[in-house]
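Let's take a friendly walk through a protein model, one feature at a time. Have the sequence and the 3D view open as you read.

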Amino acid sequence: MIELKNINKTFKVAKRNAGFSEAVKALFKKEYTYINALQDVSFSIGDGEMVGYIGPNGAGKSSTIKIMSGILTPDSGECMIDGRIPWKDRIAHVKNIGVVFGQRSQLWWDVPVIDSFELIRDIYKVENAEYKKTLSQLIELLNIGEIVKTPTRQLSLGQRMRCEIAASLLHSPKILFLDEPTIGLDAVSKIAVREFIKTINRENKTTVILTTHDMQDIEALTERILLIGKGRILLDGSLSELKTRNSTHKTLTVDYSGEKLPLSEHMTVIKNIDGHAEIIIDTVFLTVSQAISYISSKVEVKDMSVMGETVDEMVVSLYKEFEI
Amino acid sequence: MKKYLSFFRIRFIAGLQYRAAAWAGIATQFAWGGMTLLMFWAFYQNGENSFPMTFPELSSYIWMQQAFLAMFMAWFFDHEIFESITSGNIAYELCRPCNIYSMWFIKNMAIRLSRMVLRCFPILLVAAFLPAPFHITLPPDWLSGVLFLVSIILGFLVLISFSMLIYISAFYMISSVGIRILATSVIEFFAGAVIPIPFFPEALQPIMYALPFASMQNTPFLIYTGHIGEIKALQSIALQLIWFIALMIAGRILIKRALKKIIVQGG
Amino acid sequence: MKLYFKYVAMLLKSQIQYKASFIMTILGQFLVSFTAFLGIYFMFSRFHSVNGFTFSEILICFSIVLMAFSVTECFVRGFDVFPRLIQSGNLDRILVRPRNEIFQVLTSNMDFSRVGRLFQSILMLAYAIPTSGIIWTFDKVMTVVLMLIGGIAVFSALFVLYAGISFFTIEGLEFMNIFTDGSREFGKYPLSIYGDGILKFFTYVIPIALFQYYPFLYLIGRSDNIGLIFLPLLGFIFMIPCYCFFKFGLRKYKSTGS
């Protein structure tokens with residue numbers, strides 16, 4: 001159980017100006033600006049939940065993750081994770097969490113992956129029998145049996161990321177923080193990673209908190225999303241709810257023969273020439289089936305497809321809506 | 001030429017940003033110079049007659065060395081250059097319409113000069129007001145001053161063209177760390193950074209003066225202190241010029257060959 | 001402790017992977033301190049003694065300082081390159097692991113190429129031991145051992161202090177070189193030759209003289225006070241404020257994340 005209440009965090013950043021005279025001036029005087037990284041952030045996440053944490057760069061995602069993993073102390077507010085305050089009781093707290101920083105490695109560069117795993121086992125004081133069980137499960141699920149004997153530096157990014165995730169789960173944490181786990185991966189590795197995250201969430205009831213810029217990750221994995229912008233939680237809800245709320249438009253692509261297709265109300269045309277039309281319909285006033293029956297009544301349809309807004313587009317419109 | 005100038009400008013200004021580093025550097029170098037002088041003072045009191053320079057000459061030498069440290073320190077390298085060689089990113093640099101040797105040369109000059117500019121004046125100023133014989137004095141006459149200016153520029157060029165050879169060695173080695181440490185200690189020692197060259201045994205001195213390392217910091221600082229006369233100074237300056245040209249030609253040839261190898265092997 | 005040796009084995013394994021580079025680096029390290037030795041040698045071929053200390057005596061002093069320094073540089077390297085740990089974000093990784101931070105920083109990095117310097121110091125000691133004219137009784141041997149231990153303690157404390165300061169300023173760190181590299185460099189000579197003020201500073205503020213100068217006096221027979229050989233142990237007291245400062249910096253890191 002994760003609970004954050006009214007978390008605030010402000011950073012002080014030194015200003016730095018270019019130019020010789022500015023550099024000399026800066027020898028004697030320093031100016032600061034203050035950044036409100038987090039303002040009044042509150043949410044709670046139940047055991048076994050899987051949550052997508054999204055927001056543009058610099059919105060406060062990683063500050064929140066750092067607070068939850070005990071690396072950062074907030075200025076004010078409460079944070080309780082399994083009855084502990086992360087930054088007060090660091091060692092006890094981190095035994096229960098696993099963290100994957102997508103852009104950094106926790107594996108030792110020049111030694112075989114399995115050596116890193118064994119060292120991590122000793123760091124977390126995992127029982128050997130327990131370790132063997134977890135390891136064989138991870139090796140099977142992540143399909144890394146063949147690569148664990150290779151030194152980390154020789155792995156591809158996708159292989160390495162799978163090993164990184166395994167390394168973060170060797171101590172069977174109850175909570176897993178994933179910070180952009182699919183960044184830079186090829187399509188196959190992305191899907192493998194997503195499948196794996198789904199599996200451990202379902203089978204081991206691991207709570208997963210995922211930050212990402214890849215909306216396909218969110219679509220594939222999480223039902224609940226938290227949207228943060230400029231340090232505030234802007235939205236906390238389910239993905240499908242958001243979809244219905246936001247997708248008021250559908251795009252119809254029609255290939256037809258006969259006269260040029262005339263438009264009815266609530267239809268906007270993008271293209272309509274030579275028997276090929278792309279039309280946006282406003283679903284608040286006109287349902288998709290109404291539109292289709294209208295079109296079929298006017299022309300002879302050869303082919304037709306309906307497209308809703310993609311999650312990417314939805315997020316862009318969300319960012320616009322909240323002006324972040 | 002203009003592109004090199006603006007490249008210099010960018011690097012120079014970037015180097016001026018580090019305020020705290022400048023203060024820390026000034027404090028460090030001041031303490032370092034002071035400790036060095038106290039060490040020599042102990043030897044001076046034991047055997048004034050064996051001292052190869054006058055003590056005020058030595059004081060001036062040491063303070064000049066500290067004030068212009070950023071120009072002559074051998075252990076300073078631009079890691080971006082090493083990284084671009086070992087990672088193969090050098091391919092991007094080859095796409096630019098500039099000579100790569102000149103670019104790196106300018107870059108090194110700019111970084112070192114920007115560090116020096118922020119640090120040298122406070123050090124010189126304080127060192128001038130120290131009690132005798134530990135203070136820095138002006139050169140004996142205006143001619144020494146002029147010769148010093150010519151010589152410090154040449155010395156700076158000799159050092160950079162030598163360190164260019166170390167950068168270039170990275171093309172030929174898997175890891176350049178070892179070479180770097182090795183070369184650094186050789187330069188430092190033979191340039192007179194550990195102890196000034198006049199303190200070396202007499203028998204070794206002619207060889208030492210002939211090596212390129214003496215043409216780095218040793219020549220300008222000895223001219224400044226007045227330890228060597230005008231004729232010797234002119235000879236040393238000529239030698240500096242010869243070394244600079246020789247090292248630069250060597251560097252340009254070696255880099256050309258290294259690049260050819262890269263293009264043939266595809267990195 | 002077992003875990004510590006696993007780390008040592010792992011780091012050693014990864015460093016000797018690049019054999020040629022590793023050997024070159026060791027050679028380079030050797031040469032760096034060898035030029036320092038040559039500097040002393042040239043000075044002594046000109047002056048023969050300084051403040052009454054002979055060449056052999058200076059070599060003993062230098063080799064002990066260098067030995068303590070290279071051992072520290074090898075095993076406490078994690079604190080020496082601590083700024084990199086902050087900049088690369090790997091400190092965050094350390095903080096999400098259930099082990100003591102000091103232990104994890106120590107095991108984050110070790111530099112085994114420092115044996116080059118260690119080797120140099122052993123050579124110098126081997127040369128100076130028979131030529132110094134010291135009669136090697138038990139108490140004299142103990143003095144050397146305690147000087148080494150005290151030296152490692154003080155240098156380690158300085159590295160921890162250095163790491164602590166890097167929480168506040170990375171750029172400003174350069175001034176710490178006066179104390180770290182500086183004490184190796186100027187510790188070549190017994191600190192008394194720099195004058196009374198400097199000796200007092202390195203006794204009461206940065207306690208280098210506690211393991212370098214005072215026990216050294218007993219070692220070469222300039223003093224009969226056997227109590228001097230235990231002074232190096234005071235170096236451990238110096239570790240306390242340095243450790244506290246590091247902890248203070250870590251707390252600040254946790255509250256600003258920078």
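## A pair of crossing helices

H3(B) and H7(B) cross in a right-handed way (a crossing is right-handed if the near helix is turned clockwise from the far one by less than a right angle, and left-handed if anticlockwise). Helices here are DSSP runs of H or I with at least four residues, strands are runs of E with at least two, and both are numbered from the N terminus. This is a predicted model, in which local features need pLDDT of at least 70 and side-chain atom pairs count only at pLDDT 80 or more, while totals for chains, interfaces and linings use all residues. Residues are numbered from 1 along each chain as its sequence is written, and chains are lettered from A and ligands numbered from 1 in the order in which they are written.

To find the pair in chain B, look for H3 at residues 55–67 and H7 at residues 100–128; their axes come within 8 Å and cross at roughly 160°. An axis is a line fitted to C-alpha atoms, for helices over the stretch in contact, and angles run from 0 to 180 degrees between N-to-C directions. H3(B) and H7(B) are therefore roughly antiparallel to each other (over 145 degrees; under 35 is roughly parallel, 65 to 115 roughly perpendicular and the rest oblique). On the H3(B) side, Trp63(B), Gln66(B) and Ala67(B) make the contact, and H7(B) brings Cys120(B), Ile123(B), Leu124(B) and Ala127(B). Residues are in contact if their C-beta atoms, placed from the backbone, lie within 7 Å. By class, six of the residues in this contact are nonpolar, one is polar and none is charged. Nonpolar covers Ala, Val, Leu, Ile, Met, Phe, Trp, Tyr, Cys and Pro; charged covers Asp, Glu, Lys and Arg; the others, Gly among them, are polar.

## Chain B as a whole

Which kinds of element build chain B? There are 12 helices and zero strands in it. The C-alpha atoms of chain B fill a box of roughly 60 × 45 × 35 Å along the principal axes. A compact globule of 267 residues would have a radius of gyration near 18 Å, and the 20 Å of chain B agrees with that (the radius is taken over C-alpha atoms, and the globule rule is 2.2 Å times the number of residues to the power 0.38).

Of the 267 residues of chain B, 47% count as buried. Buried means that 20 or more other C-beta atoms, placed from the backbone, lie within 10 Å of the residue's own; exposed means 12 or fewer, and partly exposed is in between.

## Around H11

Is helix H11 of chain B, residues 218–225, mostly covered or open? Mostly covered: eight of its eight residues are buried, including Phe221(B) and Leu222(B). Just after H11(B), Gly226(B) takes a positive phi of about 85°.

Tyr209(B) sits in helix H10, residues 205–210. With 19 other C-beta atoms within 10 Å, Tyr209(B) is partly exposed. Its C-alpha atom is 8.9 Å from that of Thr219(B), 10 residues apart along the chain.

## Where the chains meet

In the contact between chains B and C, 33 residues of chain B touch 37 residues of chain C. H2(B) gives the largest share of chain B's side, 15 residues. That side has 24 nonpolar, eight polar and one charged residues.

Chain C also meets chain A, with 19 residues from chain C and 27 from chain A. H1(C) gives the most to chain C's side, with five residues. This side of chain C divides into five nonpolar, seven polar and seven charged residues.

Terms used
Contact = placed C-beta atoms within 7 Å.
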